[in-house]
Amino acid sequence: MIFVLIVVGLMLAANAANAEEIHNYRMCRNTRCEVYDVFIDPCPEALDNKPCELPQGINASIIFKYKPKFGSETPQTRLYAETLLMDLPFMDMDPNACLYTACPMLMNVEQNWLYNLFISTDYPKNSYTVKLKFWDNGPKADRKDECCFKFDMKIV
């Protein structure tokens, strides 16, 4: 467990060194967590507080710290593009949140998240509000136990 935390910490430090911190993210309504120190790589546009412009065919890293107000042995996650009618999931994301953060997820403990998003050529070039959400998927999970935040990006 300690080895996993050290490796995740080193990966976060290495990725954050080349990433830009974004400040224009927003928490979703009724979310049960704190999210801070959000970095996206590449995102030089963040220096001007503009949405990240991500070219098709690259990998982009999403790195952040969070403190959930719930714990989970089996957290699930999804990345969505918000639309007027419904949230459309980025299908390349494995929903097992333990691939991106240390598990079990501990209540009121600061933790790190690292997700590498491949910007597929199948994704239309457009501006998007992206929603990253994770939740407790255990047998006694409360539907309110979720963390969610949004940020803007443009696929170019």
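Analyst: What follows is a guided reading of the structure shown above, feature by feature. This is a predicted model, in which local features need pLDDT of at least 70 and side-chain atom pairs count only at pLDDT 80 or more, while totals for chains, interfaces and linings use all residues. Residues are numbered from 1 along each chain as its sequence is written, and side-chain values use heavy atoms, with hydrogens and water left out.

User: Which order do the strands take in the open sheet of 4 strands?

Analyst: Strands (E, at least two residues) and helices (H or I, at least four residues) are DSSP runs numbered from the N terminus, and two strands pair if DSSP finds at least two bridges between them. Here the open sheet of 4 strands runs in the order β1-β3-β5-β8, with antiparallel pairing. Its edge strands are β1 (20-21) and β8, each of which pairs on one side only.

User: What should I keep in mind about side chains along a strand, and where is Val-35 found?

Analyst: In a regular strand the side chains alternate between the two faces of the sheet. As for the case you name, Val-35 is found in strand β3, and at 6% relative accessibility Val-35 counts as buried (buried means under 20% relative accessible area, exposed over 50%, and partly exposed in between, with a 1.4 Å probe and protein chains only). Leaving aside neighbours within four places in sequence, Val-35 is in contact (heavy atoms within 4.5 Å) with Tyr-25, Met-27, Phe-64, Lys-65, Tyr-66, Cys-147 and Phe-149. The C-alpha atoms of Val-35 and Lys-65 are separated by 5.8 Å, although the two residues are 30 residues apart along the chain.

User: How many salt bridges does the count come to, and what does Asp-37 pair with?

Analyst: Side chains of opposite charge can pair when their charged atoms come close. The rule applied here asks for a side-chain nitrogen of Lys or Arg within 4 Å of a carboxyl oxygen of Asp or Glu, and by this rule the count comes to 7 salt bridges. In one of them Asp-37 pairs with Lys-65, the closest N and O atoms being 3.7 Å apart. Because Asp-37 lies in strand β3 and Lys-65 in strand β5, the pair ties together parts that are 28 residues apart in sequence. Asp-37 is partly exposed at 31% relative accessibility, and Lys-65 is likewise partly exposed, at 28%.

User: Which residues do shared partners join into one network?

Analyst: Lys-131 forms a salt bridge with Glu-82, the closest N and O atoms being 3.7 Å apart; Lys-131 lies in strand β9 (residues 126-136) and Glu-82 in strand β6, so the pair ties together parts that are 49 residues apart in sequence. Lys-131 is buried, with a relative accessible area of 11%, whereas Glu-82 is partly exposed, at 27%. Lys-150 also forms a salt bridge with Glu-82, with the closest N and O atoms 2.9 Å apart, and this pair links distant parts of the chain, Lys-150 being in strand β10 (residues 146-155) and Glu-82 in strand β6, 68 residues apart. Salt bridges that share partners join Glu-82, Asp-87, Lys-131 and Lys-150 into one network.

User: Turning to the loops, is Thr-101 buried or exposed?

Analyst: Thr-101, placed in the loop between β7 (87-89) and β8 (111-118), is buried, with a relative accessible area of 4%. Not counting residues up to four places away in sequence, Thr-101 touches Tyr-66, Gln-111, Asn-112 and Trp-113.

User: And is Leu-85 buried or exposed?

Analyst: Leu-85, in the loop between β6 (75-82) and β7, is exposed, with a relative accessible area of 82%.
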